[in-house]
Amino acid sequence: VDLVLAACDARLREQGAWSTPEGYPNSLALAILDAIWAMIARYAITQGVVTRYVASRKRQRADAYTDGVSDLLAEYERCGGIDAFIEQIGTRNRVSTQPGATTKGEAVHLAAVAFRDLGVETAQNFRDAQGTPLGEKLEARWRSLPGQSSGVSWRYLRMLLGLEDVKPDRMITTFLREALGREIGTDEAVALVRAAAARLRVSERALDHEIWEYQSGRTGAHDP
């Protein structure tokens, strides 16, 4: 943790300049879209998907920032199915680089169906389920989705919905690897960022975001 703190002090901005991304505290639909589309892809691609979804809902005189999973599934139906949703709203990106991997558009649909089947419709439903048997079922169903078994996107989903967590993606693990001078796994990455955030007296999401901003070399490109 001392090594991580030293890296934070040397590389990151003053804490006064840090920010905590708002995410989608009232839209489980947008959180699911973002969490799955953001994996192994430039974030600009995800921003495009979110923008098109929001615009489509606005044309229907609806607010995407309050959408639940039923609204998301209805949008798939309005478009004409998964392939049509991908053409109109999404992209052809897949959940992994493996040949024949599931498209992200299909993975999002599967996630929405899983949550609906478990009775979780809204962002508040999701937050209320955390720490309960229902929350455990939600996580298990999410991790069973194509390309989501590592749990990185699950942690990111929680963050997008306003919960404290760390997203141990390539940006975070690279920063920590350089700080420690050795390879690091996702579980250790989460533990280290959490411990560093506690020592710095900042939220886990704020430290995660600042590391991401530094490592990406961009400003304002993370969760808008």
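I40 is exposed, with a relative accessible area of 60%, where exposed denotes over 50%, buried under 20% and partly exposed the range in between (1.4 Å probe, protein chains only). The model is predicted, so that local features need pLDDT of at least 70 and side-chain atom pairs count only at pLDDT 80 or more, while totals for chains, interfaces and linings use all residues. Residues are numbered from 1 along each chain as its sequence is written, and side-chain values use heavy atoms, with hydrogens and water left out.

I40 lies in the loop between α2 and α3; helices are DSSP runs (H or I, at least four residues) numbered from the N terminus, and strands are runs of E of at least two residues. Most residues other than glycine have a negative phi. I40, although not a glycine, has a positive phi of about 45°. A positive phi, near 60°, is also found at R201, in the loop between α11 (186–200) and α12 (204–216). R201 counts as exposed, at 79% relative accessibility.

I40 also belongs to the lining of the largest pocket, where A38, M39, I40, D169 and R170 lie nearest the centre among 23 lining residues. On a 1 Å grid over the protein atoms alone, a pocket is an open set of points where a 1.4 Å probe fits, with protein on both sides within 12 Å along at least five of seven lines, and lining residues have an atom within 4 Å of a point. The volume of this pocket is about 470 Å³, taken as the space filled by probe spheres set on the points, which are joined across faces, edges and corners. Helices α9 (152–160) and α10 (170–180) each supply at least two lining residues, and α9 gives the most, with three. The lining comprises 11 nonpolar, seven polar and five charged residues; Ala, Val, Leu, Ile, Met, Phe, Trp, Tyr, Cys and Pro count as nonpolar, Asp, Glu, Lys and Arg as charged, and the others, Gly among them, as polar.

In the loop between α1 (2–11) and α2 (28–37) is R13, which is partly exposed at 38% relative accessible area. Beyond its neighbours within four places in sequence, R13 is in contact (heavy atoms within 4.5 Å) with W18 and E210. The C-alpha atoms of R13 and A35, 22 residues apart along the chain, are separated by 26 Å.
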